Amino acid sequence: MTTADLSQFDGEKYISIETFKKNGQGVKTPVWFVPHNGAFYVYTEADSWKVKRIRNNPRVRVAKCDIRGNVKGVFIDGTAQIIDGEERRIADKLLDQKYFLKKIFNFLTKINRHQRAMIKIEV
């Protein structure tokens with residue numbers, strides 16, 4: 001996908017990520033995201049169902065949406081993977097810059113010891 005195609009997500013706070021169950025049924029979830037180097041980065045609980053579905057099937061679809069998940073655009077096909085290391089640290093920093101509340105969630109995560117996963121979505 002070209003940078004121009006990704007420009008439709010400029011200024012958006014949420015994307016709907018649709019992951020797929022083993023039976024092929026899609027499950028849509030609104031999430032915070034940050035675009036970087038032609039991909040989207042999303043963070044979530046490491047033991048969430050969306051992470052489990054991505055591990056089983058990396059196929060995803062993304063679209064602009066509001067905080068409630070009401071889709072405001074056309075879905076785009078993509079491939080997701082769970083990332084770690086330096087790429088994750090960069091994505092975390094970019095998400096922290098975009099969403100002030102994420103900094104608070106980072107602190108709470110350290111207190112309650114919940115594990116987080118970073119998802120990279122290539123479209």
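## A guided tour of the predicted chain

The mean pLDDT of the chain is 88, and 85% of its residues reach 70 or more; pLDDT is the predictor's confidence in each residue, from 0 to 100. This is a predicted model in which local features need pLDDT of at least 70 and side-chain atom pairs count only at pLDDT 80 or more, while totals for chains, interfaces and linings use all residues. Residues are numbered from 1 along each chain as its sequence is written, and side-chain values use heavy atoms, with hydrogens and water left out.

**The whole chain.** Display the chain as a cartoon: it has four helices and seven strands. Helices (H or I, at least four residues) and strands (E, at least two) are DSSP runs, numbered from the N terminus. Along the sequence, the pattern reads α-β-β-β-β-α-β-β-α-α-β. Of the 123 residues, 40% count as buried, where buried means under 20% relative accessible area, exposed over 50%, and partly exposed in between (1.4 Å probe, protein chains only).

**Confidence.** Colour by pLDDT, then select helix 1 (residues 3–6), where confidence is lowest at a mean of 61, and strand 1 (residues 14–20), where it is highest at 97. Where pLDDT is low, the predicted coordinates should not be read in detail.

Select the seven strands next; they form an open, antiparallel sheet in the order 2-1-5-6-7-4-3. Two strands pair if DSSP finds at least two bridges between them. Strand 2 (26–32) and strand 3 (34–36) are the edges; each has a single partner strand, so one side of each lacks a neighbour in the sheet. From one strand to the next, the twist averages 40 degrees.

Within the sheet, select strand 5 (residues 59–65) and strand 6 (residues 76–83), which run antiparallel and are joined by four bridges. Arg59 has Thr79 of strand 6 as its bridge partner.

**Arg55.** Finally, select Arg55 in helix 2 (residues 49–56). Arg55 is exposed, with a relative accessible area of 57%. Leaving aside neighbours within four places in sequence, Arg55 is in contact (heavy atoms within 4.5 Å) with Ala46 and Ile82. Arg55 and Ile82 lie 27 residues apart in sequence and 7.9 Å apart in space, C-alpha to C-alpha.

Terms used
Axes fitted to C-alpha atoms, helices over the stretch in contact; angles between N-to-C directions.
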